[in-house]
Amino acid sequence: MKKAIPTDVYDKDGNMIRIDFHDGKGDFVFQAMWDENDEQTSENRVLFREWAYRMAEQLDYEVLK
């Protein structure tokens, strides 16, 4: 199984905009984009991370947290 390292990306106001995933060598693999219509709450961020990690696993990546 391939490995993916997630990095949360925020805008200048502290709002999450995406999660970038890189492999163990630091090369970009893919990203999960935040739906800007979703409210920026802690609960929504947790749910978004869970969704993004599940998506990575469906793409046959092991997410290293």
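Author: Happy to! Trp51 is partly exposed, with a relative accessible area of 39% (buried is under 20%, exposed over 50%, partly exposed in between; 1.4 Å probe, protein chains only). Please note that this is a predicted model, where local features need pLDDT of at least 70, side-chain atom pairs count only at pLDDT 80 or more, and totals for chains, interfaces and linings use all residues. Residues are numbered from 1 along each chain as its sequence is written, and side-chain values use heavy atoms, leaving out hydrogens and water.

Helices (H or I, at least four residues) and strands (E, at least two) are DSSP runs, numbered from the N terminus.

Buried in H1 are Arg45, Phe48, Ala52, Tyr53 and Ala56. They span an arc of only 130° around the axis, so they sit on the same side of H1 (the arc is that of the directions from the helix axis to the C-beta atoms). The face turned away from that buried side carries exposed Glu43 and Gln58.

Now for Phe48, which counts as buried at 9% relative accessibility. Its ring and that of Trp51 have centres 5.9 Å apart and planes at 25°, so the pair is stacked (ring centres of Phe, Tyr and the six-membered ring of Trp within 6.5 Å; planes under 30 degrees apart are stacked, over 60 edge-to-face, the rest tilted). Phe48 and Trp51 are three residues apart in H1, about one helical turn.
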